Amino acid sequence: MKINYIALNVLSTFALLCSAQSVRGDYVKENTLYDQSGHGRNNIYDYIVVGSGSAGAVVVNRLSEDPGVKILLLESGGPPISHSEKPVLASAQLLTRQNWNYFMERQANFCLGLTDELMEWPRGRVLGGTTVINFMIHIRGNREDYNRWARMGNPGWSYEEVLPYFRKSEDSTIKIQDSEYRNQGGLLSVSDVPYRTESVNAFVKGCQEAGYPYVDYNGKNQLGVSYVQANLRVGRRCSAEKAFIRPSRNRPNLQIRLNSHVTKVLIDPNTKRAYGVEYLHRKRKYVVNASLEVILSAGAFHSPQILMLSGIGPRNHLAELQIPLIKDHPVGRKLYDHLTFLGLIFTVTKPIVGNLIETFSLASITDFFLFGQGPITSIGGVEALAYFQTNVTTYPEGLPDMELIFIGGGLHTDYGLFFKNQFRISDKVYDALWTPLQNRYAFSIFPMGLHPKSYGYIKLRSRNPLDPPLLYGNFFTDPENVDMKTFMAAIREAQRITKSPAFQKYGTEQVKTPVPGCENYAFDSDPYWECAMRHITVTLHHQIHTCKMGPVTDPEAVVDAKLRVHGIERLRVIDTSVIPTTVSAHVSAVGYMIGEKGADLIKADYRNLLRENER
Ligand SMILES: Cc1cc2nc3c(=O)[nH]c(=O)nc-3n(C[C@H](O)[C@H](O)[C@H](O)COP(=O)(O)OP(=O)(O)OC[C@H]3O[C@@H](n4cnc5c(N)ncnc54)[C@H](O)[C@@H]3O)c2cc1C
Ligand SMILES: *[C@@H]1O[C@H](CO)[C@@H](O)[C@H](O)[C@H]1NC(C)=O
Ligand SMILES: *[C@@H]1O[C@H](CO)[C@@H](O)[C@H](O)[C@H]1NC(C)=O
């Protein structure tokens, strides 16, 4: 009864939000902001960019700055839906057509508390890519992350060399920032979340009482605690579409074709030179040529998929599927991701957390539409981040191996409407853990392992380019069990922080309901937590490494430090799939940086080409 009433309320609120939004007129109206004709016309371009996510959107914007080159963007999805602008509805975006809806192949002894024991691996299929459905957290990562990239044989990628690109993108209005690391006036908005619950203040204070410095984690020192920094503009989502595509869309040298699914890169088998792509639009096949380069920015699942469909991949795998081999490469052989454990929940005795009724009250809606303020600007409940090193880390000082994500609420807050579905929590587990919290005040701490040792891989399911690839996670399978131990240490750290005076003031207590399936272990023992983690640990969506960047001597490398596919001319991969090792970050900001740097690499090569032609 209660849930239905709330569902109804929320739905009617959606309708209201929708109409109010169109009155303001700043949302993407399908087929008007983006012209969708032009297929089959003007079939020669200088550059073809495939995909418009964090990286692709930047590449398209920067390349089309030069009116002398012609660019075609091919994007499999359509324009974003207007609800994607409302930050609090982040989770809901995953239930729309903007998600590819992929699943990880079932893994033994993992995801035991999920529906059908299946974990979803969502990605954005929409103009703006995954930035239209993500949680908008903006974090660049650690100095040492990029110095490692450079030490792995990738000249140009040290922290000092990538920092200018992080800065170039951003327009930061963060209150407490290390100004020499930040920038104002870039295209991508980075701001504080206008709305904060009282509980996040307790977290930030509690961490400080536990010894954490208060930092700009995108500045000088990452280790410490801070309120979350987000890709928001006037309280609304600032996606790659809004930041980079929208301002360039009317340039006459840029063609944007939506609902255009690239199935293959065309490569001359003799010269090993890429010269165009094939794509599907409304079931029709089109061919387009690129006089200069083809750039894959299709993300960590699809860039490797397209390469393999085009004959670039592991020899045996391609032979199995009878795809003619153009170049033997370890495409998709290693896939790293970030996990989080959902079971650290704490109750408080005072109403200091977020709640649904308040979020969708008339006052809140007014606040959002008129001022870009209020609970609707909350980025899916994420309010603060803390970075630290566990006592089992193998990394040098200054490089965190764990992040704690503070949520001023939890899976109970939306009464099971979105979060439960996003993570596919089974009814049994949800009813045991979260339903009882619906009448209480509770917050969550999601620990995220930053540098997992375990890794999965990706393969083609078939030669059909419309088939989802086969995705394997292999989580918590590293032989020394470091990944599990790291999470265990994070649980202990979260418990320590919640014992701080700042939290105890509110009668903070850990929820001790056992996860169904783990009742046989003593609550709070290490074996209990391991069992719980095997039930309700899920992805936080940072797949990387499937087209690794590295020197030609690196047996795992697919692209070189200029992001060119080794051994193939005129073909680059520019997106998060090139990230050569785990990073201490959510990877959207990293994707933007790779887009900025990649575009500059292309421009430099183009200038050299012009110079040669003049001679
Ligand atoms: C639910 C969720 C929450 C997240 N939260 C955060 C967060 O808070 N902070 C953060 O930093 N990161 C977050 N991430 C991760 C981050 O958003 C992505 O890793 C990042 O945006 C990836 O950028 P990309 O450019 O590599 O690829 P994408 O952004 O995935 O872009 C790839 C694009 O290529 C298109 N494409 C794919 N195949 C084809 C084809 N064959 N033909 C044509 N087009 C194609 C896709 O439709 C897509 O638009 C989240 C991810 C998810 C799923
Ligand atoms: C595209 O390039 C290929 C190979 O060079 C050529 O055979 C084909 O005619 C070109 N198509 C167009 C439309 O120019
Ligand atoms: C790490 O800390 C936890 C508790 O805080 C302790 O149980 C464990 O033994 C420590 N591990 C190491 C390797 O010091």
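UniProt positions follow the numbering used here, feature names are shortened, and annotations may be inferred rather than shown by experiment. Over residues 299-313 the chain is 73% helix and 13% strand, with 16 Å between the end C-alpha atoms. Helices (H or I, at least four residues) and strands (E, at least two) are DSSP runs, numbered from the N terminus.

Before you move on, note that this is a predicted model, in which local features need pLDDT of at least 70, side-chain atom pairs count only at pLDDT 80 or more, and totals for chains, interfaces and linings use all residues. Residues are numbered from 1 along each chain as its sequence is written, chains are lettered from A and ligands numbered from 1 in the order in which they are written, and side-chain values use heavy atoms, with hydrogens and water left out.

## Stop 1

Next, select His542 and His586, where the unreviewed UniProt entry places the feature "active site". They span 45 residues in sequence, yet no two of their C-alpha atoms are more than 6.4 Å apart, so they gather at one spot. Both His542 and His586 belong to the lining of the largest cavity. A cavity here is a set of points, on a 1 Å grid over the protein atoms alone, where a 1.4 Å probe fits but cannot get out, and lining residues have an atom within 4 Å of a point.

His542 sits in the loop between strand E25 (537-539) and strand E26 (571-573). Is His542 buried or exposed? With 7% relative accessibility, His542 counts as buried; the cut-offs are under 20% relative accessible area for buried, over 50% for exposed, and partly exposed in between (1.4 Å probe, protein chains only). Show its contacts (heavy atoms within 4.5 Å): beyond four places in sequence, His542 touches Tyr336, Asp337, His338, Met448, Ala585, His586 and Val587.

Now centre on His586, in the loop between E26 and H17. His586 is buried too, at a relative accessible area of 7%. Setting aside neighbours within four places in sequence, His586 is in contact with Ile137, Ile139, Glu403, Ile405, Met448 and His542.

## Stop 2: the binding-site residues

Select Val126, Thr130 and Val262, which carry the UniProt feature "binding site" (unreviewed entry). The lining of the largest cavity includes Val126, Thr130 and Val262.

Val126 is in the loop between strand E4 (120-121) and H4. Its relative accessible area is 0%, so Val126 is buried.

Val262 belongs to strand E12 (residues 261-268) and is buried, with 5% relative accessibility. Colour its partners outside four places in sequence: Val50, Leu74, Val277, Glu278, Tyr279 and Ile306.

## Stop 3: helix H5 and its partners

Display helix H4 (residues 143-151) and helix H5 (residues 159-169), whose axes come within 8 Å and cross at roughly 120°. Axes are lines fitted to C-alpha atoms, for helices over the stretch in contact, and angles run from 0 to 180 degrees between N-to-C directions. H4 and H5 are therefore oblique to each other. Angles under 35 degrees count as roughly parallel, over 145 as roughly antiparallel, 65 to 115 as roughly perpendicular and the rest as oblique. Arg143, Tyr146 and Asn147 of H4 meet Tyr159, Val162 and Phe166 of H5.

Which residues of H5 are buried? They are Tyr159, Val162, Leu163, Tyr165, Phe166 and Ser169. These buried residues pack against H4, strand E5 (170-172), strand E6 (188-192), helix H7 (240-245) and H17.

## Last stop: Asp66

Finish at Asp66, in the loop between helix H2 (54-63) and strand E2 (71-74). At 30% relative accessibility, Asp66 is partly exposed. Outside four places in sequence, Asp66 touches Asn253 and Tyr606. Draw a distance from Asp66 to Asn253: they are 187 residues apart along the chain, and their C-alpha atoms are separated by 8.5 Å.

Conventions:
1 Å grid on protein atoms, 1.4 Å probe; cavity = no way out; pocket = protein on both sides within 12 Å on 5 of 7 lines; lining within 4 Å.
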